[in-house]
Amino acid sequence: MKIHKRKVSAIVYLIVLALFATFAAWAITDNKNLFVTVSMNGLTIAALYFLVAIGFTLIFGLLKNVNLTHGSLYLLGAYLGYTVADLSGSWLVGVAVGTFGVGIVGFLLQVLVFRHMQNQELQQALVTIAISVILADLMLWGWGSDIYQLDPPDWMYGAVAIPVIGKYSIYKLFILGFSISVGLGLWLLLNKTYLGVMIRAGVDDQQMLSAMGVNVHVVFALTFAIGAAIAGLSGVIGGSLMSITPGEDTRYLLASLVVVIVGGMGSIIGTALGAILIGLSEQYGLAYAPTYGVIFTFIIMAAVLIARPQGLLGRE
Amino acid sequence: MKITKFRRVLTVVSTLTIAGFSFSAQAEDEIKVGLLATLEGPFTVLGQDAIRGAELALMEWKGMAGGKKIVFVKGSSNAQPDSAVNATRKLVEQDKVDLMIGPLSGSEGVAVKNYSRTQPQITFINGSSGGQETTLVDPSPNFFRFNLDGAQVMAPLGSYAYDKGFKRTMIIAEDYSFPYSQVQGFMSGFCKAGGKVPKKAWVPVGNKDFSSVIASIPEDVDSILVVLAGADAVNFMRQYEQAGGDKPFIAGSVMVDQTVLSYKGKRRDALIGTLSSGWTADKLDTPEWNKFVAEYRKSFDDAFPAPSFFAFAYYSNVKAMLEALDQVNGDLSDGQAKFRNALQNLQLQTPVGLITLDENRHAVGPAFITEIIKNDEGDLVSEVVQTVPKIDQKLNLSAAEFDAMGIGSRESPSCP
């Protein structure tokens with residue numbers, strides 16, 4: 001039975017790959033330059049989605065906390081980063097404050113909210129939706145509805161020559177490299193450090209870990225803070241690529257949800273795969289079928305939910 | 001036990017009823033007006049300016065019309081039709097408003113117009129939505145619009161741009177009814193003059209990443225017609241600059257609005273000289289318009305250098321309502337029949353000129369071809385290069401000619 005299932009999914013993957021190869025072959029003969037540019041755009045937007053979703057998947061996968069304020073944390077990071085960068089004149093200071101500020105908010109969220117409703121997913125979902133609505137209104141109150149735009153340092157602003165397509169934005173390449181490093185760093189943290197060992201142990205058997213003298217609450221609060229800090233960080237990074245406006249919170253919450261649903265909850269590699277699929281399909285959609293492009297994302301999501309409800313690389 | 005509970009409920013209910021009665025008694029000499037604008041989502045900045053416009057008109061009337069106090073009850077939508085209908089429904093069915101002003105955005109207008117059919121006792125006056133369909137296809141007897149639609153104001157621009165030397169243009173526009181209308185208005189004149197539009201990209205509202213659309217701009221076009229609003233427009237310009245693009249823009253009416261022109265970025269100066277066409281212009285320089293701008297600036301601390309189209313449209317529509325209320329002495333009896341009759345026959349003097357209604361209760365009035373200049377203070381503003389005093393919803397074409405084209409859509413009109 002299992003072998004049969006594997007065979008089916010192998011065939012499905014092959015069909016999908018063949019379809020993509022046909023499309024790529026057509027697109028390359030049609031206009032190679034456009035295809036490569038759009039693919040690069042897809043990968044950079046995927047890098048941004050990965051950065052946002054990785055905090056979400058960390059918090060859900062390891063702590064089993066459904067944190068629907070994730071988009072608000074992203075937007076809060078962007079606003080904090082903008083304000084601080086504007087006052088201090090330094091983009092890097094903005095990045096630092098956006099990251100740590102939101103990390104602290106995340107820590108407080110875990111201590112004040114989630115600790116009191118461990119393992120009650122419906123309650124968590126409802127409470128965090130409420131918090132995200134409140135946060136959205138507070139941010140509208142504080143920063144108004146103006147369009148903000150963070151400027152990365154000048155050396156990142158321009159374009160650089162790369163093969164085939166000629167000029168490409170340095171900042172986008174930076175995002176690509178940066179989110180790969182964040183992904184690697186997180187993997188190392190979870191798999192190679194003492195904190196990582198404690199986090200994983202706490203997920204498997206909370207009582208045992210606590211019996212061994214580890215303060216489980218501190219470990220969980222720290223993990224939550226790290227996940228939130230990455231959301232704040234991606235807010236500053238994303239706010240320097242595109243504008244910061246009210247409504248971005250739900251946009252990125254939705255993006256993270258779609259990415260982790262496709263990739264599989266709690267898996268770093270799955271999140272990366274999901275982000276790449278969504279990023280590429282979105283950009284191909286915009287370039288080759290702008291009117292109907294939005295549908296592709298949801299077709300992918302629906303297909304994954306039907307074929308593998310736990311996500312492409314999720315554990316059953 | 002049960003009885004006490006029952007009595008408690010009874011007390012609460014009766015208190016509420018009494019409160020309700022005293023409230024409606026108070027409401028005798030006031031008229032509640034639902035005011036719907038996009039105070040959330042991608043068009044939030046525009047919605048806020050729309051509210052300023054509505055409040056400006058009411059201030060001019062000192063809060064009273066037809067001997068009654070006018071009270072705004074605000075509602076918010078996010079530019080999506082369903083959210084506009086939900087907000088309107090809440091205002092009409094829960095807040096029990098007497099009149100409605102709104103909505104702001106094109107597809108919202110179509111949806112609210114359809115909803116207005118189910119509430120024949122209430123008069124709906126548009127806010128700033130400019131979709132053609134709203135009053136052209138299956139118009140609703142209690143929906144009135146005192147601003148021109150998106151196609152009307154762009155209609156003069158096509159042939160003007162062609163004469164200025166633009167022959168092949170690509171279209172990048174948001175994917176809903178208002179940009180369809182804007183593009184149709186432009187293309188009706190542009191194609192007729194001999195211009196070509198080889199490619200149209202309809203992007204979803206709220207899309208922030210235009211890099212792949214920009215990459216797909218063909219080499220052989222000499223200009224880009226951009227119909228985007230608010231944050232989307234700003235993102236597009238910034239990314240076009242980053243991608244090293246250098247083709248001139250022809251702009252949709254909301255693209256050269258102060259909501260976009262006030263944006264601080266490096267691409268700003270590249271907008272100087274951009275042609276557009278719209279309901280008004282920052283430097284219209286007539287006494288009526290200057291007075292309107294002065295009042296707007298005086299009344300709001302956090303306002304734009306000049307009122308946006310949305311402030312102007314909400315102002316005009318609210319002004320129409322207030323004038324009609326004055327004419328009928330606030331008489332909304334008999335299914336608001338007298339009031340509606342007054343609206344229908346109104347000769348509305350707006351800051352840009354005279355606006356009257358056609359048989360579909362839609363505005364006939366002036367449009368202005370504009371060009372972006374930089375003023376002495378360094379602000380980008382639009383200046384009038386040509387005025388078209390009167391343009392109707394069929395774009396001043398004959399009925400046969402207009403019907404052959406149909407209303408604007410993704411595919412229509414077409415001249416590749």
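Predicted model: local features only at pLDDT ≥ 70, side-chain atom pairs only at ≥ 80, totals over all residues.
1. To the contact itself, chain B brings 30 residues and chain A brings 31 residues.

2. Turning to polar interactions, there are 9 residue pairs in polar contact between chain B and chain A, both residues being at pLDDT 80 or more. On the side of chain B that touches chain A, at least two residues come from each of α2 (44-60), β8 (200-203), α9 (211-215) and α10 (230-242) of chain B. Of the contributors to this side, α10(B) gives the most, with 8 residues. Sorted by class, the side of chain B that touches chain A comprises 10 nonpolar, 12 polar and 8 charged residues.

3. The rule finds 2 salt bridges across the interface of chain B and chain A, while the structure as a whole holds 15 salt bridges over all chains. In one that links the chains, the side chains of A:D151 and B:R238 meet with an N to O distance of 3.1 Å.

4. A further salt bridge is formed by A:E248 with B:K208, whose closest N and O atoms are 3.9 Å apart; the cut-off for a salt bridge is 4 Å, and a reader may wish to keep both values in view. This pair joins two chains, because A:E248 lies in helix α10 (residues 248-263) of chain A, whereas B:K208 lies in the loop between β8 and α9 of chain B. A:E248 counts as buried because its relative accessibility is 3%, and B:K208 likewise counts as buried at 3% relative accessibility.

5. Within chain B, B:K74 forms a salt bridge with B:E55, the closest N and O atoms being 3.1 Å apart. Since B:K74 belongs to strand β3 (residues 68-76) of chain B and B:E55 to helix α2 of chain B, the pair ties together parts that are 19 residues apart in sequence. As to accessibility, B:K74 is partly exposed, with a relative accessible area of 44%, and B:E55 is also partly exposed, with a relative accessible area of 26%.

6. Another salt bridge of chain B brings together the side chains of B:R89 and B:E93, at 3.6 Å from N to O. These two residues are separated by about one helical turn, because they stand 4 residues apart in helix α3 (residues 81-94) of chain B. B:R89 is partly exposed, its relative accessible area being 38%, and B:E93 is partly exposed as well, with a relative accessible area of 37%. Elsewhere, salt bridges that share partners join A:E248, A:R251, B:K208 and B:D232 into one network.

7. A last point concerns B:E30, a residue of strand β1 (residues 30-37) of chain B. In general, side chains of opposite charge can pair when their charged atoms come close. B:E30, however, is buried yet has no salt bridge, and the nearest side chain of opposite charge, that of B:K69, is 4.8 Å away. When residues up to four places away in sequence are not counted, B:E30 touches B:K69, B:V71 and B:D98.

How values were computed:
Residues numbered from 1 in each chain as written. Chains lettered and ligands numbered in written order. Heavy atoms only, no water. Contact = heavy atoms within 4.5 Å. Polar contact = N/O pair within 3.5 Å; in protein donor to acceptor, adjacent residues only side chain to side chain. Nonpolar A, V, L, I, M, F, W, Y, C, P; charged D, E, K, R; others polar. Buried < 20%, exposed > 50% of the residue type's maximum accessible area, 1.4 Å probe, protein only. Lys, Arg positive; Asp, Glu negative; His and termini not counted.
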